[in-house]
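Thanks for coming. I will talk through one interface, and then take comments.

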Amino acid sequence: MTDIDDLRSKFLDLEFDRTGFVIDAEQSAKVAKASGETRAEFTDTTDPNFEACAPILASLASGRRLPIDFPTLGGISMDGGKAVACIKPVRPGIKLTGKTHLHDIYAKSGRSGRMIFLVSRMQLYDDCGEHLATTDSRQVIRERPDK
Amino acid sequence: MTVQTIADVVFGDEITPWQPDTSLQATRSFAEAVGYSGSGRFEDHGKARAQGLPGALVPGIMGMGFLTSMIHRWAPQGKIKFIDTVFRAPVLADHDHTVTAVVTDIDEENGEVVLDLTIQNEQEETRVFGTATVHLPAAS
């Protein structure tokens, strides 16, 4: 069985990826409209307050999903959820840098066995180093009984 | 029902439930825009079933979009500071789903409201749940 405390001590809070992004305004507006958004600051690219919507921020993917030396846990991996913390408006067209680390590792046990949760946190910064937003991706792995 | 300021918010209030567009056309459009298209799992029921899925899916982050859209309609001046969504089970495209939210906390001093969020299918099974923290202007 995977030692969760050992994984936490070795991997939490260590940056393992740094990726650059530029969000396209039309793409963000399309995502917002397809989700039923009606506010102009998310759907109208000519709005002076236009900003990237939460789902497009949540879609930004780091170059690596896990640290390069993270052990293979086996089992089936699933997308367990996403979170977005909006600190300042993210304007499309600007250069962004996403710095990613493992924020949390924990396990839950149920009738069908143990599930391991890996929370990858990406902090998004602009070119001036200002922190604009944070996204969390929750990966769930159903552990194989023999692990 | 909409709210303009923090003073309009009542603890326990339920935001007017909403049925989002989960059509294949909508999921395809969303998947294309976020770069998820190509495999067919969000665009084609047959291709999704061939992958062992019960049908084409609504992308998880599209569910987040449904929830943020509803919050923005409820609070036209509100700013979502944080939203967390847990993908409990697949949301199937072309099936009716209902998006709901309930006010679970009000912090008048900081102008913040906490909402509990759910997306349920036709059988009233919760497929997505989560929370959001929304900042609202103070009453003038």
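A salt bridge here means a side-chain nitrogen of Lys or Arg within 4 Å of a carboxyl oxygen of Asp or Glu. By that rule, four salt bridges cross the interface of chain B and chain A. One of them joins Arg138(A) to Asp84(B), with the closest N and O atoms 2.8 Å apart.

Now the ground rules. This is a predicted model, where local features need pLDDT of at least 70 and side-chain atom pairs count only at pLDDT 80 or more, while totals for chains, interfaces and linings use all residues. Residues are numbered from 1 along each chain as its sequence is written, chains are lettered from A in the order in which they are written, and side-chain values use heavy atoms, leaving out hydrogens and water.

Back to Asp84(B): in strand E2 of chain B, Asp84(B) is the bridge partner of Ala83(A). That strand and E2 of chain A, residues 76–86, pair in the antiparallel sense over five bridges; pairing requires at least two DSSP bridges, and strands are DSSP E runs of at least two residues, numbered from the N terminus.

Next, the extent. Counting heavy atoms within 4.5 Å as contact, 30 residues of chain B touch 26 residues of chain A. The two chains bury about 2200 Å² between them, 54% of it on carbon and sulfur atoms. Buried area is the accessible area, with a 1.4 Å probe, that two parts lose on being put together, summed over both. On the chain B side, Ala33(B), His72(B) and Phe87(B) lose the most area to chain A, together 24% of what that side buries.

Terms used:
Helices (H or I, at least four residues) and strands (E, at least two) are DSSP runs, numbered from the N terminus.
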